[in-house]
Amino acid sequence: MTREEVVAKMIEYAAIAFEKDASTITEDTNIAEELGVKSFQRVTMSSSIENEFDVMIPVARFGNFKTIGDLADYVMDEM
Amino acid sequence: MSVLDRIYEKAKLNPQKVAFPEAANEKMMQAAYETGKDGYIIPILVGDAEELKKLAVERGYDLSVFQFVDINDEAYRDKLIDIYVNLPGTMLKQKPLIRRMKDPLYYAMVMQRAGDADVTFAGIDNTTGDVLLAGQTVIGMKEGLATISSIGLADIPGYAGSEGTLLAIGDSAVCTNPDPEQLASIAIAACDTVRNLLDWEPRCAMISYSTLGSGEGELIDKVKEALRIANEQRPDLAIDGEFQLDAAIVPEVAAKKVKRESKVAGKANVLIWPDLNVGNTAVKLIQQFGHADAYGPMLQGFNSIICDCSRGAPVSEIKGNIVISAVRAAAENKA
């Protein structure tokens, strides 16, 4: 899977988890500032990633990923 | 009869299946055994079944009191996964579940979600964060609620409130800085919790340093907005405010400060703090100066009941929290 495809998946999952319009999310979107910090939303996003990529994202580490692109890079590294 | 005695009696009428993913722990196994032997619950020990049986025998327990679930039993695990993934609203698919169910905490919660347990009881080995995370991932949140939270039940010697010495308070443990929507969810969930556990008709006060506009500012605005949301979402519940603590629980003060009709002012039996700074301090004040016994925290907001007990809890406290969780689950199952 290419990085673009992983980013697209991240945007799709973020839109569901944070209840946002996917067209407003890009790889530069700041997760905490523009999407939210609620733990249930992070759990929802982490679960989607784990289901699709078999990559576990510890919720305690979720806050370390500033942007959607950062999250995609981590998933690419762990795949 | 104390409030806890009443809750124990209630539990006996309809014993619930309680899953213990930390059953190897000596205090946890003792609490599970004693509440099971006395008929308050049906204890299900989840883990390496052979090891758990060996420990139970060494500790002198009658094995027939327990049900054992072996997390190495792949056939049963796969059956649970099959049920789980077909339930609406569940988050994890088969492969992540197989990985996570190596941890008894996740195994127990999948059992619960699949209907083979009514409660998951943990917290003696796992951190609160572990339990909350597993709960949010596997059990999920109750529809319409914006946050996980908790309430406690304080039994305060000398207090003569609308429920005698008892007062329900929340959130003093989980949700740090709720926004208005979350604060409304805490109040709504608290009302349901006390109704299920104690058969109270909840009268819930949203606490602030202001009573009905006696003060101004963003801290008060948050509480007012939360009240608006709570009343809109659940008009059937008596939730009112914003009230100072004395206006909420002292009829004479309420008569002076609340110049409109209120089902809550002066006779609140549930107090909702505006944030965890207040909540945590308040419960410690009640304990230190009011010499209260505090039961809980009772987690609320999940699709079904899970309990996170204190890691330093003595067996007597663990037993109390097991039985409280079981009674809450029985009420939710009936609803």
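In this predicted model, helix H7 of chain B, which comprises residues 128-139, lies across strands S4 (119-122) and S11 of chain B, and the helix runs at about 165 degrees to S11(B). Both of these strands belong to an open sheet of five strands in chain B, in which the order is S3-S2-S1-S4-S11 and the pairing is parallel. The edges of the sheet are formed by strand S3 (67-70) and strand S11 (306-308) of chain B, each of which pairs on one side only, and the twist from one strand to the next averages 25 degrees. Strands of a sheet pair through backbone hydrogen bonds, in either a parallel or an antiparallel arrangement.

Within this sheet, strand S1 (residues 16-20) and strand S2 (residues 41-47) of chain B are joined in the parallel sense over five bridges, and Ala19(B) stands opposite Ile44(B) of S2(B). Ile44(B) also has a bridge partner in S3(B), namely Gln67(B), where S2(B) and S3(B) pair in the parallel sense over four bridges. Together with helix H3 (residues 49-58) of chain B, S2(B) and S3(B) make a right-handed β-α-β unit.

Helix H2 of chain B (residues 26-37) has 12 residues and reaches 16 Å from its first C-alpha to its last, close to the 16 Å expected at 1.5 Å a residue. Buried residues of H2(B) include Met28(B), Met29(B), Ala31(B) and Tyr33(B), and the buried residues of this helix pack against S1, S2, H3 and helix H13 (315-334) of chain B. Just after H2(B), Gly39(B) adopts a positive phi of about 85 degrees.

Key: Residues numbered from 1 in each chain as written. Chains lettered and ligands numbered in written order. Predicted model: local features only at pLDDT ≥ 70, side-chain atom pairs only at ≥ 80, totals over all residues. Pairing = 2+ DSSP bridges. Helix = DSSP H or I, 4+ residues; strand = E, 2+ residues; numbered from the N terminus. Axes fitted to C-alpha atoms, helices over the stretch in contact; angles between N-to-C directions. Contact = placed C-beta atoms within 7 Å. Right-handed = clockwise from strand over helix to strand, strands pointing away. Expected span 1.5 Å × (residues − 1). Buried ≥ 20, exposed ≤ 12 C-beta atoms within 10 Å, placed from the backbone.
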